[in-house]
Amino acid sequence: MIKEINLDNVLPQVFAGSENEPPVKDSQVWLHKITFSRPDNYLIEAESGTGKSSLCSYIYGNRKDYSGTITFDGNDISRFSMSHWCRLRTHALAILPQEMRLFPELTAMENIQIKNRLTDFKSETEIMAMLERLEIPHKANQLAARLSVGQQQRVAIIRALCQPFNFLILDEPVSHLDARNNATVASLIIDEAARQNASIIATSVGNKITIPITRQYNL
Amino acid sequence: MSKNIVWRLLRKNISAAQIAGYAIANLVGLSIVLTAIQFYRDVNSLWSKEDSFISKDYMIISKKVSGLNTINSVMGSSNSKTNNLNFSSNEIENLQQQPWVRRVGNFTAAQFDVYASMEMGGRRMATHLFFESIPDEYFDIQPDGWVFDPATPEIPIIMSKDYLTLYNFGFASSRGMPQLSESLIGKVVLDVRLSGNGLRDTYKARIVGFSSRLNTIAVPQSFMDWANARYAPNEKIQPSRLIIEIGKPGDPAIKEYLKENGYESAGEKADDGKASYFFTIVTGIVIAVGGIISLLAFFILLLSIYLLLQKNREKLHELMLLGYSPRQVAKQYYILVGVVNMSVLILAIIIMYLTSGYWIQPLATLEVETSSHLYAITIGAIIMAAITLGNFIAIARTTRRYFNS
């Protein structure tokens, strides 16, 4: 269980030495003290190349190329063991990567189930219901490689929701979706987050997900 | 949809050719090892199991019979019972002091006349015989019925296998008489007439075993003591043959000592040792070759696993991000390696079984009891367990490494 995520003086190593230049100079995140606490929702507004995906990777424990400290409820995440991360990624922390990371050789349903079998969180009926809600039930048995980017994005969103989580990190969740699909995706995410009393941390370079935001930061 | 999505994902890059190459190589290696072990155990019983009464660590010695000895005894120039074919107390003592000697036992010869007869196929055969005995403690295993009780006297006899061979292949075949097996002989009851000291009695006797190391007609020491006291109470002689328990078999000093003193050891059992030794060496080489093939196969699989994991590196990383633990991912490869290795082991055992059929028949005609396959199977299982364990460790380490990177 994670109640609170803290960023203290965090800076990607690539920005070391350019602390007084943009984008670091103007950032409200880098080199600042920031707290994400449940069940508030946060939006990180950014331009390309400001380290938005890096931030998501740092919090998800995927990358460690930063200075400063990130803590979950006061515990430094750089000291977490592999097995602790496995537990967090199946029970507390969900992510939608910007590049989706679906396995092209598996079908949409298999891509979702590969996560769901691990967490045993949703039934096949529930997954089908979510696919229907996002209007792609007919794509369930199609290989991910054959899906359009927008369809892939929706499959990846459903996969991210197939686990218990306290924080849901969405890296540009609607970059490939039109306004109508943005709304359907947003309502699905809001429902799931509300049911789990969880926080959403979303990033955006322009096309924002239409969820109620507690606080917005410019990266 | 397949039950195991992870496996569907990871199996994509598996090279069937590499796995098959490994399986065949390891099968060849393991089959050679198992077959050689089984062959060694079966054939080795030719030497080790043939004579269970007295083990290889015993040697029977006597003095060389030279022309002079013979003349002396024929001419009666000295008392034939104390001639120098017998071992004197000094000689026995000297022998006992040799470093390779653990203990020395005397052969006691019967000091009375033995006349045996038997009924066979309606014909009565009779012959003069002699008896000898050695102390019971020199027997590794005492044959069934190796006791003598004066109250119900029946004399158990162990006979040299050579005598049976002589009879079967020399005497019986030329005279048109039936050939006898060991078990048949055991059923025949002999009438033995002992005489001496003015007494003459007839007893039943039975051949309870054949020995290839004890080249005599042996009776229990208890019977010999009783009979010598009864039929030859006043005779006292030095033994002409000694049984020696050797502390260091194969010690070259033994041969030297025997030569120096003009003794000879009975039979050429030492050569059995040489043949057995040579056989052990050859089998050892064959097992080593099989072992090396298996070892190389092990490295082929190891290499194949490394390549496979390397190709799946991206996928492993993705699975990690989904929350899979290294163990959950490695499990898929454990199953693959486990199934392949188990199949190889089972096939190797089958091949060993089938191959052993080629020598079991010939060995059976030599009346050698072949040993069970359990030993070879256990060795095979241990080798395979070691190989599998090595593979598992490699998989676990590599998966962990890719997860951490």
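Two strands pair if DSSP finds at least two bridges between them. Helices (H or I, at least four residues) and strands (E, at least two) are DSSP runs, numbered from the N terminus. This is a predicted model in which local features need pLDDT of at least 70 and side-chain atom pairs count only at pLDDT 80 or more, while totals for chains, interfaces and linings use all residues. Residues are numbered from 1 along each chain as its sequence is written, and chains are lettered from A and ligands numbered from 1 in the order in which they are written.

**View 1. Pairing of strands E7 and E8 in chain A.** Strand E7 (residues 167-170) and strand E8 (residues 199-204) of chain A run parallel and are joined by four bridges. A:Phe167 has A:Ser199 of E8(A) as its bridge partner.

**View 2. The open five-stranded sheet of chain A.** The strand order is E6-E7-E8-E3-E9, with parallel pairing. Strand E6 (93-96) and strand E9 (215-218) are the edge strands, each pairing on one side only.

**View 3. Packing of helices H3 and H5 in chain A.** Helix H3 (residues 108-119) and helix H5 (residues 149-161) pack at about 25 degrees, their axes 8 Å apart; axes are lines fitted to C-alpha atoms, for helices over the stretch in contact, and angles run from 0 to 180 degrees between N-to-C directions. H3(A) is therefore roughly parallel to H5(A) (angles under 35 degrees). The contact (C-beta atoms, placed from the backbone, within 7 Å) is made by A:Ala108, A:Asn111, A:Ile112 and A:Lys115 of H3(A) with A:Val155, A:Ile158 and A:Arg159 of H5(A).

Conventions:
Angles under 35 degrees count as roughly parallel, over 145 as roughly antiparallel, 65 to 115 as roughly perpendicular and the rest as oblique. Two residues are in contact if their C-beta atoms, placed from the backbone, lie within 7 Å.
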